[in-house]
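Let's take a walk through this one together, going from single side chains to the space around them. Keep the viewer open as you read.

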Amino acid sequence: MIEQQIKEPEFDFISETDKDFIIAFTTGLEALGYTYGGTIGRGFCWGSHMLIFRKANAKSKNVVARIYIREKSLVLRLFFNNVTKHNAFICAAPEYIKNVFTGDYGTCKHCKGDHCKFRKDYEIDGVPYEKCNGMTFEFHDPSVERLPDYIALFREFYKTSSKSEAL
């Protein structure tokens, strides 16, 4: 379905490279049991459009990933909890993955004080990090070449059942 939707004239501004990523990522998550629900929605302040991914056929409407479609680029945002628990995986990941967790982007500035409920606190390699939850785990200009690493990261945080791993 995504292959047809992304060909609609309103998406002509998206580069072919970015369209390839959108299709590949969507297909990868669908194989793991997640869906964007067949809707490419308005992006509001995140971009002109976005895809929102959730667990398919689940009562929970928790968002696990988004693709923000901007005029000249994409942003893949993954939604993670309990980051410290995945320290070993993150430390062994390629730099472009690790940097999303350890770089300066999204560092909490305590705009809501020390008890901000929207802050992500975790440790990587013994170093504490505080990130603003509104700007966490964003991969700018994602590519099909890096897709296996994005999917591996996703699978690390969202363990799949043996049924979906057979896909």
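With which side chain does the side chain of Glu156 make a polar contact of 3.4 Å? The partner is the side chain of Lys159. A polar contact here is a pair of N or O atoms within 3.5 Å; within protein, one must be able to donate a hydrogen and the other to accept it, and residues adjacent in sequence count only if both atoms are side-chain atoms. Before going further, note that this is a predicted model: local features need pLDDT of at least 70, side-chain atom pairs count only at pLDDT 80 or more, and totals for chains, interfaces and linings use all residues. Residues are numbered from 1 along each chain as its sequence is written, and side-chain values use heavy atoms, with hydrogens and water left out.

Back to Glu156, which sits in helix α5. (Helices are DSSP runs of H or I with at least four residues, strands are runs of E with at least two, and both are numbered from the N terminus.) Glu156 counts as buried because its relative accessibility is 17%; buried means under 20% relative accessible area, with a 1.4 Å probe and protein chains only. Its side chain also has a polar contact of 2.8 Å with that of His86. Setting aside neighbours within four places in sequence, Glu156 is in contact (heavy atoms within 4.5 Å) with His86 and Phe89.

Ile124 has Val127 in β7 as its bridge partner. Their hairpin has 2 residues between the strands, and Asp125 takes a positive phi near 55 degrees there.

Over in strand β4 (residues 63–69) you'll find Ile67, which counts as buried because its relative accessibility is 0%. Beyond neighbours within four places in sequence, the contacts of Ile67 include Phe21, Phe25, Met50 and Leu76. Its C-alpha atom is separated by 21 Å from that of Ala93, 26 residues apart along the chain.

Conventions
Buried < 20%, exposed > 50% of the residue type's maximum accessible area, 1.4 Å probe, protein only. Pairing = 2+ DSSP bridges.
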